[in-house]
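Hi there,

Here is the structure I promised to pass on. Have a look at it first, and then read my notes below.

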Amino acid sequence: MAQPPLRPQDAVMLIPSLEPDDRLPAYVRRLLDKGFQHVVIVDDGSSAAYQPIFAELDAMDGVSVTHHELNRGKGCALKTGYAYIQAHFPAASGVITADADGQHTVEDCWHLAEVLTEGKRALYLGSRNFNLDHVPPKSRHGNKITSAVFRLLYGVYLPDTQTGLRAFRMADLPFMLDVPGERFEYEMQVLIACARAKLPMIPIEIETVYENENAGTHFHPIRDSYRIYKVILGNFLLYASSSVICFLVDNGVANLLRFALLPLLGLRGDTAIQISGYLARLLSSPLNFVLNRNFVFKFKQDTGKTALKYALLCIVTITLSNLGVSLLDHLHIFIGGFAFIPKILMDTLLYLVNYRIQNKWIFAKSAENQEG
């Protein structure tokens, strides 16, 4: 039997909220008037003074309110909402998350609901224009820097990484529930998880709303920015630590062979570069694979296939490294006591490239089997 076509009103609106003002009930009424049939509100530990607002919301037809006794953070509030939607609205077309401070217009929410009816597997991101004059400078510069760093490390350009207006299909609820994170950093963890799982992230331009320079937000600029960047850079810093260990092993062995042991056998020049490079990588690569698999990317899927891909990357990397070292050596740029520098330069140049390849290809986690 054919499934009925999806409709915008089949999407569930999810709004996490901490100590909202009177704008929230008015906003929810506009969502209902627009055509949304189900709105889920998660009270993330608001004090008793704010409970009349949640009682007003709970009395509305089509609105469900669930509570945290204590403040647990936006990530936890979203997951509580996801679990509630999964249990009570399994036939919904998808979930749309919005902030409680009025930044996301009803029209933009409805547009994302319309996009969900296409049934495409993706995370849709309401994307603001930070070049507009009324955008606070801290928001403009902060988002542009974060977008640039995210693109550098994960290979995906997202013009608005901090948006709370997001939409995805019901089939991806288990994936979203499995992403780690409890507070504002959870939303960044979602972007990283999608990048690694190759789940498309599609920006949808929305109206850029800032009221009183976003004074109503509960985002703490120092504490929560630290949490977000800890997430963005966390894997990369672990990767850097793993790489430093293997770099010391690789370069130590290569230089020992090239400048001390191989000359005893009459092997010098390009021959010594090639032999020392491959033998050193033969020792450092298995160590790097174990460290990256278990501690950096925490990867638990298909070890054999992953090892083969990693071996291929190592062969390509060492070949490029050796060619670069030979070229620099022939140019006589570094002589005397600096003859070891060409290998260091080539390995450094290949460093970021390797991280991107390992993140997006070798240790990429499929969204259907997100574990670890």
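In which helix is valine 28 found? Valine 28 is found in helix H1. Helices here are DSSP runs (H or I, at least four residues), as strands are (E, at least two), and both are numbered from the N terminus.

Two words on how to read this: it is a predicted model, where local features need pLDDT of at least 70, side-chain atom pairs count only at pLDDT 80 or more, and totals for chains, interfaces and linings use all residues. Residues are numbered from 1 along each chain as its sequence is written, and side-chain values use heavy atoms, with hydrogens and water left out.

Let me start with the sheet. It is open, has seven strands in the order S3-S2-S1-S4-S6-S5-S7, and its pairing is mixed (two strands pair if DSSP finds at least two bridges between them). Strand S3 (63–68) and strand S7 (201–205) are at the edges with a single partner strand each, so one side of each has no neighbour in the sheet. From one strand to the next, the twist averages 20°.

Strand S1 (residues 11–17) pairs with strand S2 (residues 38–44) in the parallel sense, over six bridges. Isoleucine 15 has isoleucine 41 in S2 as its bridge partner. Helix H1 (residues 23–34) packs on the sheet and touches S1, S2 and S3 (contact means heavy atoms within 4.5 Å). The direction of H1 makes about 175° with that of S1; axes are lines fitted to C-alpha atoms, for helices over the stretch in contact, and angles run from 0 to 180 degrees between N-to-C directions.

H1 also packs with helix H2 (residues 51–58), at an angle of about 15° and with the axes 9 Å apart. The two helices, H1 and H2, are therefore roughly parallel to each other (angles under 35 degrees count as roughly parallel, over 145 as roughly antiparallel, 65 to 115 as roughly perpendicular and the rest as oblique). On the H1 side, Leu24, Pro25, Val28 and Arg29 meet Ile53, Glu56 and Leu57 in H2.

Back to valine 28: its relative accessibility is 0%, so valine 28 counts as buried (under 20% relative accessible area, with exposed over 50% and partly exposed in between; 1.4 Å probe, protein chains only). Leaving out residues up to four places away in sequence, valine 28 touches Ile15, Val39, Ile41, Leu57, Met60 and Val63.

Best wishes
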